Amino acid sequence: MTEQAAEPTTAIIETLARLRENYNAGLTRSAAWRDNQLLALSRMLTDNSGVFESALQRDLGKSPVEGILTEIGFLLSEIDHTRSQLGKWMRPRRVMPSVALLPASAKVIREPLGAALIIAPWNYPLMLALSPLVGAIAAGNVAVVKPSELAPNVSAALAKILPTYLDHRAFAVIEGGVEETTELLEQRWDSIFYTGNGAVGRIVMTAAAQHLTPVTLELGGKSPAYVDDTSDLRQVAQRLAWGKFLNAGQTCVAPDYVLATRPVIDRLVPMLAEAIRDLFGTSIQQNPDYGRIINTRHTERLAGLLSSGRIAIGGTVDRDDRYIEPTVLTDVSRDSDIMASEIFGPLLPLIEVTGLDDAINYVRGGDKPLALYVFSESNRARDRWANETSSGGLAFGIPMAHLMVSGLPFGGVGESGMGAYHGERSFLTFSHEKAVLSKPLTPDTLRATIMPPYTAQKEAI
Ligand code: NAD
């Protein structure tokens with residue numbers, strides 16, 4: 001190993017050792033300290049909102065308003081909610097002991113897991129790095145955050161600003177790409193929270209297995225939208241266009257493709273064109289509300305998918321500007337390239353189905369999606385989707401917004417991930433629920449209940 005390669009490893013080992021030492025000394029235990037750290041995180045976001053907005057703009061062409069709505073504001077309300085519930089979440093839960101053990105008391109204590117590693121992706125680079133951190137702090141963990149190297153401006157801003165607000169004895173940001181993440185994953189953590197693609201998810205899980213570390217994998221995949229003729233298609237078009245083209249389609253829960261019958265597709269296309277005009281006007285490339293593709297590699301990948309069908313709307317690509325126009329494709333075959341994996345860009349294929357059975361069977365034939373969207377006023381259709389398919393989340397009438405409801409666990413199932421977070425679920429993700437039983441030594445009831453000699457009466461207990 002070269003001198004240069006050895007350096008980051010030492011820094012990583014030292015950082016983790018320092019955090020662990022402080023954790024073991026009890027630094028993170030009190031509710032007051034946790035609340036203070038959450039407040040500090042909230043102050044960090046408000047004081048530096050401009051810095052983060054401009055970093056998001058440089059990395060993803062994200063408009064400042066969108067940066068506030070989908071990242072900074074989202075985090076602030078999550079922090080507020082967490083602070084307001086923290087006392088309740090931290091309280092032990094009393095449980096009734098079995099009669100044979102009485103007198104006794106039983107409770108569940110929610111204790112922190114210890115040292116957490118949070119690995120974030122580039123698409124919502126601030127929100128997806130800090131939202132899990134809110135849970136880790138609330139649950140009393142120390143943590144290292146590893147932002148995505150593909151969003152270098154947000155990564156650098158976090159590395160510079162976070163340590164000036166949060167207690168550096170408990171939290172650190174370590175920047176880097178594959179090499180640094182590999183080194184981080186070689187360490188023993190008490191929790192690993194990874195958001196990104198499934199290929200790296202497998203690497204993370206393999207590394208975690210060496211230490212039997214629990215993992216949360218927030219992955220992606222193809223999230224379908226089903227549209228039938230019972231819905232107001234103009235509204236559906238507007239919501240689909242918003243969900244698909246937000247962040248230039250680079251949202252894990254964006255509707256990946258639409259399943260509809262031919263007549264519905266024919267009516268939907270002009271309405272989608274109108275919805276795109278309503279959202280972004282006619283000079284979309286000049287509109288600051290419309291984002292950019294993260295890098296040239298992904299722009300090329302997406303441009304290559306345009307030939308998977310007939311371009312019904314859009315289709316313009318400006319590689320130098322990493323711009324891809326909001327695009328709708330029709331006449332897309334189910335075995336075309338665009339249907340082979342998550343699109344993760346502003347291309348919306350409309351896939352023809354013969355009806356509800358065909359649509360459900362198609363979705364069931366693929367990996368379990370992160371989200372499933374159903375646009376139908378038919379209760380029977382809604383029930384069938386709910387009962388006959390499995391997905392991380394299911395929403396009727398609106399894409400993506402389920403992740404804004406803090407009472408709903410957010411996560412995938414199967415290929416779209418394991419574990420969940422948001423609200424109390426984040427707290428639980430970074431906690432161990434410890435079973436605690438307490439039985440007084442007197443009176444001595446056990447000889448009459450569960451201890452030998454075994455008499456016929458004891459069988460009934
Ligand atoms: P990415 O390339 O930024 O990778 C994610 C993280 O993994 C980064 O921090 C990166 O440094 C690290 N990484 C990459 N290669 C690695 C390797 N070989 N070993 C160790 N670490 C490595 O982001 P991405 O994976 O392109 O993100 C997009 C994917 O994430 C999409 O599939 C999307 O659906 C999914 N996603 C899921 C959610 C969710 O909440 N479920 C949210 C956002 C994105």
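Predicted model: local features only at pLDDT ≥ 70, side-chain atom pairs only at ≥ 80, totals over all residues.
Local features need pLDDT of at least 70 and side-chain atom pairs pLDDT 80 or more, whereas totals for chains, interfaces and linings use all residues. Residues are numbered from 1 along each chain, and side-chain values use heavy atoms, without hydrogens or water.

The ligand is surrounded by 27 residues (a heavy atom within 4 Å), of which Ser148, Glu149, Asn197, Leu219 and Glu342 are the closest. This shell comprises 16 nonpolar, seven polar and four charged residues, with Gly counted as polar. At least two shell residues come from each of α7 (178–186), β6 (191–195) and α8 (198–209), as assigned from DSSP runs (helices H or I, at least four residues; strands E, at least two).

Polar contacts are pairs of N or O atoms within 3.5 Å. A polar side-chain atom of Ser148 is 2.6 Å from a ligand oxygen, and a side-chain N or O atom of Lys146 is 2.7 Å from a ligand oxygen. At Gly196, a backbone N or O atom is 3.2 Å from an oxygen atom of the ligand. The protein covers 91% of the 850 Å² of accessible area that the ligand has on its own (Shrake-Rupley method, 1.4 Å probe).

Key: Polar contact = N/O pair within 3.5 Å; in protein donor to acceptor, adjacent residues only side chain to side chain.
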